[in-house]
Amino acid sequence: MQQQYIEEAEKALLHTYNRYPIVWERGEGVHLYDLEGKEYLDFVAGIAVFALGYRNKEYNDALKEQIDKIIHTSNYYYNVPAVEAAKKMKDVSGMDRVFFTNSGAEAVEGAIKAARKYAYLKDGRTDHEIIAMNHSFHGRTFGALSVTGNPKYREAFEPMIGNVKFAEMNDFDSVKALVNDRTCAIIFETVQGEGGIYPAEKEFMEQVKSLCGEKDILLILDEIQCGMGRTGSMYAWQRYGVKPDIMTTAKALGCGIPVGAFLMTERVAEHSLASGDHGTTYGGNPLAAAAICKVLELFGKNHILEHVNEVAPYLEKRLDTLMEKYDFIKARRGAGLMQGLVFDRPVADIINRALENGLVLINAGTDIIRFVPPLIITEADVDVMVERLERSF
Ligand SMILES: *Cc1c(COP(=O)(O)O)cnc(C)c1O
């Protein structure tokens, strides 16, 4: 039965993914089940999305309730869930203004537009530059792709939006060398995800922030993957005490309902996007906003951050032990429940064997296995993961 769906999918869907030969049917907590009823331990969470685990009753009930009230209205009107979601997001982020989007890439688009408008209002020029990082990933739309520091994703689609320069993450001099009077923004992920799980260093964050302050350049932090509790604070930058001017968030924000947002400080909001400058039909509709409200409520109620901080050191310890034991594992990098093991070879075979052994893993680049499990995993789940992973080597 599974094979039939796979064959049909390959005839009907555009071939933009090399999919693993599994058809998911349902999820329960940190486990997934395929069409044949086989159980898997999930250390991917839909790529850092399903933070609260599958089939969370309170979350599901909240969505069902909202569906029966109203699913969509236009952003030309107000709706209660969007107001509540925006207030909650301000609380947890310390940012001042929220714009809801449908995805991460769209949040990055909005952030770029806000930064360009901010600079435009200052000097009226239309040739502003953005500094982004090598190995970064910000999404697949043109603006987001333009600041993505991986030529493989960009090349066939050139020209990009232009006036983007790439520096090296954690190399402040490489950033400084690119700054000029046209620089309007510096964008990076607080912890790089797709590019190989590289956390920003505190000193780098502080130096960039201070440079931005000096030159009135906007600091944009992409928290789409590393935010929402993944590294043990609600947003990863909060652990560094380096606050961005604009921040993007998505993935776990809706825990499965497609929603993202970009947020900014009041200072940027007052001097950037104004009425008519930006919009979206779906962004922050009542269903999406109800999802955000419930997710943020459950983060508090279920002490998700505290839990991440408790379980993450155990995951790190177990991964470090693997690294010591097997000489084909070169390094471990990451923060909280966003970890990467660096291998001396491509990891595709290991990931395929792990699936056979009932463990869902994903790569970040060809030679890194990425661990971004639901945030509710326990030490016992980590033990099972390590056991199934070792069997897959
Ligand atoms: C996933 C991701 C994006 C893109 O989000 P989409 O919802 O897929 O558009 C952007 N930035 C980072 C850091 C991401 O991990």
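By class, the shell of the ligand comprises three nonpolar, five polar and three charged residues; Ala, Val, Leu, Ile, Met, Phe, Trp, Tyr, Cys and Pro count as nonpolar, Asp, Glu, Lys and Arg as charged, and the others, Gly among them, as polar. The model is predicted, so that local features need pLDDT of at least 70 and side-chain atom pairs count only at pLDDT 80 or more, while totals for chains, interfaces and linings use all residues. Residues are numbered from 1 along each chain as its sequence is written, and side-chain values use heavy atoms, with hydrogens and water left out.

**Ligand**

Select the ligand together with Ser103, Gly104, Ala105, Phe137, His138, Gly139, Glu189, Asp222, Ile224, Gln225 and Lys251, the residues around the ligand (a heavy atom within 4 Å). Next, display the polar contacts (pairs of N or O atoms within 3.5 Å; within protein, one must be able to donate a hydrogen and the other to accept it, and residues adjacent in sequence count only if both atoms are side-chain atoms). A polar backbone atom of Ala105 is 2.8 Å from an oxygen atom of the ligand. A polar side-chain atom of Gln225 also lies 2.8 Å from a ligand oxygen atom, and a backbone N or O atom of Phe137 lies 3.3 Å from a ligand nitrogen atom. Of the 390 Å² of accessible area that the ligand has on its own, the protein covers 80% (Shrake-Rupley method, 1.4 Å probe; for residues, only the protein chains shown count as cover).

**Ser136**

Move to Ser136, in the loop between β5 (129-133) and α6 (142-146); helices (H or I, at least four residues) and strands (E, at least two) are DSSP runs, numbered from the N terminus. Ser136 counts as buried because its relative accessibility is 2% (buried is under 20%, exposed over 50%, partly exposed in between; 1.4 Å probe, protein chains only). Not counting residues up to four places away in sequence, Ser136 touches Val147, Thr148, Gly149, Asn150, Glu189 and Gln192 (heavy atoms within 4.5 Å). A polar side-chain atom of Ser136 lies 3.1 Å from the backbone oxygen of Val147.

**Strand β17**

Finally, select residues 368-371, strand β17: Ile368 and Arg370 point one way, Ile369 and Phe371 the other, and all are buried. Strand β14 (residues 338-343) pairs with β17 in the antiparallel sense over four bridges (pairing requires at least two DSSP bridges), and Gly340 stands opposite Arg370. Strand β16 (residues 362-363) is joined to β17 by two bridges, also antiparallel, with Asn363 opposite Ile369.
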